[in-house]
Amino acid sequence: MIRKATLADRYRISDVRHAVRENRLSPASVAKVDQTADWIFANAAFWVWEEDGAIQGFSVADPRDGTIFGLFIHPDYEGRGIARALLPRACEDLRAAGFSVATLTTGPGTRAERFYRENGWEDVGRQDNGEIIFRKPL
């Protein structure tokens, strides 16, 4: 079941975020991610896939800048179509905020890179840290 997350889900969302094998958080990024998550919980929406009492994945957009802030699936639940179901919810949040294009970044050579390419996201360049910048019309 896909639903909007509540603050009570925050710990379970963090569990998913920290369980992933790729795009792991560096100690330097934790504070920034937590700060953005605080704002999103207060002003926007996290979308979660919950089944059998467990949050198995989540998506979230940042409607301040038109980015997909996160799309993460717990490794135990990968390959079940959860990401394909969750990502459109985050994109819809950006569309509702007035954006016509969504942007996200991910590391090169990752499963995430393949996922975004296979789902119509266009590679438009690189960040200084080498991450790929993807865009997709909404």
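**Exercise 1. Find the residues of the largest nonpolar core that touch the most other members.**

Step 1. Buried means under 20% relative accessible area, exposed over 50%, and partly exposed in between, using a 1.4 Å probe and protein chains only.

Step 2. Look through the 21 residues of the largest core: Ile68, Leu71, Leu86, Leu87, Tyr116 and Trp121 touch the most other members.

Step 3. Now see where the core comes from. Two or more residues each are given by β2 (46–51), β4 (67–73), α3 (82–96), β5 (101–106), α4 (111–118) and β7 (132–137). Helices here are DSSP runs (H or I, at least four residues), strands are too (E, at least two), and both are numbered from the N terminus. The biggest giver is α3, with seven residues.

Step 4. Apart from this core there's another one, of 13 residues, including Ala5, Val20, Val48 and Phe72.

A word on the model: it is predicted, so local features need pLDDT of at least 70 and side-chain atom pairs count only at pLDDT 80 or more, while totals for chains, interfaces and linings use all residues. Residues are numbered from 1 along each chain as its sequence is written, and side-chain values use heavy atoms, with hydrogens and water left out.

**Exercise 2. Describe how α3 and α4 meet.**

Step 1. Two packed helices are described by the angle between their axes and the distance between the axes. Axes are lines fitted to C-alpha atoms, for helices over the stretch in contact, and angles run from 0 to 180 degrees between N-to-C directions.

Step 2. The axes of α3 and α4 come within 12 Å and cross at roughly 65°. That makes α3 roughly perpendicular to α4, a label for angles of 65 to 115 degrees (under 35 is roughly parallel, over 145 roughly antiparallel, and the rest oblique).

Step 3. Pick out the residues that make the contact (heavy atoms within 4.5 Å): Ala83, Arg84 and Leu87 on α3, and Phe115, Tyr116 and Glu118 on α4.

Step 4. Stay with Leu87 for a moment. Not counting residues up to four places away in sequence, Leu87 touches Ser59, Ile68, Leu71, Phe115, Tyr116 and Trp121.

**Exercise 3. Is Trp47 buried or exposed, and what is it in contact with?**

Step 1. Locate Trp47: you'll find it in strand β2.

Step 2. With a relative accessible area of 11%, Trp47 is buried.

Step 3. Leave aside neighbours within four places in sequence, and the contacts of Trp47 include Ile2, Gly57, Phe58, Leu86 and Asp93. Phe58 is 11 residues away in sequence, yet the C-alpha atoms of Trp47 and Phe58 are 5.4 Å apart.

Definitions and conventions: Core = buried A, V, L, I, M, F, W, Y, C linked by side-chain atoms within 4.5 Å.
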